[in-house]
Amino acid sequence: MNKIISFEEAVAKIKDGMTIMIGGFLSVGTANQMVDGIVASNVKNLTVVCNDTAFADKGLGKLIANKQVAKVITSYVGANSASIEQMNSGELIVEFSPQGTLAERVRAGGAGLGGVLTPTGLGTMVAEGKDIVTVDGKEFILEKPLHADISLIGASMSDTQGNLTYRGTSQNFNPLMATAGDLVIVEAEEIVEAGTFKPEEVKTPSIYVDYIVRAN
């Protein structure tokens with residue numbers, strides 16, 4: 001199977017109302033050209049799972065600034081003025097999840113787990129409406145797993161089979177999110193022949209990757 005497709009083909013797979021996971025941290029490690037393509041496509045009512053909402057003019061924050069996102073599940077919105085304005089006006093639903101908890105919820109979704117137990121957020125608004133589980137006399141919040149219709153992954157390098165590597169901190173959230181999407185699309189800065197990587201260099205195995213697009 002040839003996994004390499006065009007940006008146009010990849011963007012066409014994003015439909016109104018989908019839940020999308022987008023990897024990266026403040027646009028580092030984000031599939032930014034894919035995001036630009038989605039902005040141009042003008043799909044609506046997306047739910048986005050992300051570490052943060054980046055900036056109003058950069059990264060996945062452009063989707064929010066263009067009012068294409070109905071809900072975001074994230075740990076931080078403070079760098080994006082559009083996120084703050086839309087949250088305060090009620091246009092954007094924001095589900096805050098502490099960063100470590102968010103990562104674990106994505107991991108749980110990818111691993112097929114029923115959720116994770118964490119004490120983080122006990123006694124705060126984070127715990128509101130959630131089940132509290134007692135283990136060995138200690139209370140924990142049951143945080144449910146996260147899944148997505150599509151995960152958008154930003155990789156430094158992919159081979160033609162979809163084995164991925166990441167440079168430095170561009171790895172942020174990408175390996176986890178690659179496991180938790182029904183369909184996984186990778187935007188790779190460089191594509192090399194299969195067999196180029198040593199096994200220990202592969203951070204995301206090709207079995208998780210459905211499609212690859214080449215970043216310009």
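**Labels and their grounds**

Modeller: In this predicted model, Ile20 is in contact, leaving aside its neighbours within four places in sequence, with Ile14, Leu46, Thr47, Val48, Val49, Ala148, Ile150 and Leu152.

Colleague: Which residues touch the most other members of the largest nonpolar core?
Modeller: In that core of 31 residues, they are Ile14, Ile20, Ile22, Met34, Leu46 and Leu152. The elements that give two or more residues to this core are α1, β1, α2, β2, α3, β3, β8 and β11. A second, separate core has 22 residues, among them Ala103, Tyr166, Phe173 and Val209.

Colleague: Why are the buried residues of α2 said to line one face of the helix?
Modeller: The buried residues in α2, which spans residues 32–41, are Met34, Val35 and Ile38. Seen down the axis of α2, they fall within an arc of 100 degrees, and therefore they line one face of the helix.

Colleague: Why is Ser158 called buried?
Modeller: Buried requires under 20% relative accessible area, and Ser158 has 0%, so the label applies. Ser158 belongs to strand β8, and its contacts beyond four places in sequence include Leu164, Ile191, Phe197 and Ile212.

Colleague: And why does Gly168 count as exposed?
Modeller: The cut-off for exposed is over 50%, and because Gly168 has a relative accessibility of 62%, it counts as exposed. Gly168 sits in the loop between β9 and α6.

Colleague: What makes Glu143 and Lys130 a salt bridge?
Modeller: The test asks for a side-chain nitrogen of Lys or Arg within 4 Å of a carboxyl oxygen of Asp or Glu; the N to O distance here is 3.0 Å, so by that definition the pair qualifies. Glu143 counts as buried because its relative accessibility is 1%, whereas Lys130, with 25%, is partly exposed.

Colleague: Why is the pair of Glu189 and Arg167 said to tie together parts of the chain?
Modeller: Their side chains meet in a salt bridge at 2.9 Å, N to O. Glu189 lies in strand β10 and Arg167 in the loop between β9 and α6, so the bridge ties together parts that are 22 residues apart in sequence.

Colleague: How do you know that Lys13 lies over the face of Tyr211?
Modeller: The charge must be within 6 Å of the ring centre and within 35 degrees of the ring normal; Lys13 is placed over the face of Tyr211 at 4.5 Å from the ring centre.

Methods. Residues numbered from 1 in each chain as written. Predicted model: local features only at pLDDT ≥ 70, side-chain atom pairs only at ≥ 80, totals over all residues. Heavy atoms only, no water. Helix = DSSP H or I, 4+ residues; strand = E, 2+ residues; numbered from the N terminus. Buried < 20%, exposed > 50% of the residue type's maximum accessible area, 1.4 Å probe, protein only. Contact = heavy atoms within 4.5 Å. Arc of directions from axis to C-beta. Core = buried A, V, L, I, M, F, W, Y, C linked by side-chain atoms within 4.5 Å.
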